[in-house]
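User: I want to learn how to read a few features of a protein model. Can you take me through them one by one?

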Amino acid sequence: AGAAGLAAARELSKAGKKVVILEARDRVGGRIYPLSKEEWGYEAQAGAEFVHGEAPLSKAMLKEAGATLTNPTEWWSVRDGPPSKIDRLSPHDPKLEEALKKLIEDTTVSEFLNTNFPAGRHDALRDFVQRWVEGYDAADIHRASALTLRDEMLDQGSWWQLCIKEGYGTLLKLLQDECIRNGVEILLNKEVTTITISQVEVSAQCSDGLIYQAMRIAVTVPLPVLQTLRF
């Protein structure tokens, strides 16, 4: 019952199919994890927060849900005290982009940083770039290509990110409400362990020992979870 599972169930149920969702967690949403105003003081996001790039499907759904896309212009930090406004460092720092534009031959990201932004004077920018490459690209800066980083940084359309004023919870509510209206059954705390496929049906066994049978199955778990399933 993450975004992919809910969206799939929505389309299948609109087409008249009977759908049951088996969700391992005690909530819907998966990587999207809204925190309520009552719990947090405002509509906060503990999981997915931004809308990246073109994202036509996400934007269409958000428009349908009445959500507002905004371009974040202010950044604040809270560390053991009152909130303070910060100048947000970004891999799209003008100095970084200028240095990337001058690249002719490829090198590693770490060598590029050492050459153009020595440690000590540029620690904040070096740290941000390293966390970007390791976090977003899942790459080692000692092996990752600086030319690839250049292409990524200078392609404004692919990285551009917007915020949802009302939070991703509006998207979840749209999908969940329509699924329920269409008769989709969403079962929580149902961790699937084994999927058995035959010529006539498929069955999904859960960790609680119960087995659910159907004609078809759509597996929408994240890749790390996929490898824990037994087929």
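User: Which residues does Leu6 touch, not counting residues up to four places away in sequence?

Analyst: First, a caution: this is a predicted model. Now the general idea. In soluble globular proteins, nonpolar side chains tend to be buried together. Here, leaving out residues up to four places away in sequence, Leu6 touches Ala1, Ile21, Val28, Leu172, Leu175, Cys179 and Ile186.

User: Which residues have the most contacts inside the largest nonpolar core?

Analyst: Leu6, Ile21, Tyr168, Val184 and Ile186 have the most contacts there. The core itself has 22 residues. Helices α1 (3-14), α3 (56-64) and α9 (169-181) each supply at least two of its residues. The top contributor is α9, with five residues. There is also a second, separate core of 19 residues, which includes Leu96, Phe112, Val129 and Ala146.

User: What does the side chain of Ser110 pair with?

Analyst: A polar contact of 3.1 Å joins it to the side chain of Thr108. Further along the sequence, with residues up to four places away not counted, Ser110 touches Ile141 and His142.

User: Which residues form the nonpolar patch on the surface?

Analyst: Ile197, Ile217, Val219, Val221, Leu223, Val225, Leu226 and Phe231 form this patch. Together they have about 720 Å² of accessible area. Helix α10 (residues 223-226) gives the most to the patch, with three residues.

User: Where is Leu226 found, and why does Leu226 count as partly exposed?

Analyst: Leu226 is found in helix α10. Its relative accessibility is 33%, so Leu226 counts as partly exposed. The partly exposed class lies between the buried cut-off, under 20%, and the exposed one, over 50%.

User: Next, backbone angles. What is phi of Asp80 near?

Analyst: Start with the background. Most residues other than glycine have a negative phi. Phi of Asp80 is near 55°, a positive value in a residue other than glycine. Asp80 is found in the loop between β6 (75-77) and β7 (84-86). Asp80 is exposed, with a relative accessible area of 86%.

User: And what is phi of Ala138 near?

Analyst: Phi of Ala138 is near 50°, again a positive value in a residue other than glycine. Ala138 lies in the loop between α6 (123-135) and α7 (146-154). Ala138 is exposed because its relative accessible area is 70%.

Key:
Residues numbered from 1 in each chain as written. Predicted model: local features only at pLDDT ≥ 70, side-chain atom pairs only at ≥ 80, totals over all residues. Heavy atoms only, no water. Patch = residues over 30% accessible without salt bridge, like charges linked within 9 Å, V, L, I, M, F, W, Y side chains within 5 Å. Areas by Shrake-Rupley, 256 points an atom, 1.4 Å probe, with all protein chains shown as cover. Salt bridge = Lys/Arg side-chain N within 4 Å of Asp/Glu carboxyl O. Helix = DSSP H or I, 4+ residues; strand = E, 2+ residues; numbered from the N terminus. Buried < 20%, exposed > 50% of the residue type's maximum accessible area, 1.4 Å probe, protein only. Core = buried A, V, L, I, M, F, W, Y, C linked by side-chain atoms within 4.5 Å. Contact = heavy atoms within 4.5 Å. Polar contact = N/O pair within 3.5 Å; in protein donor to acceptor, adjacent residues only side chain to side chain.
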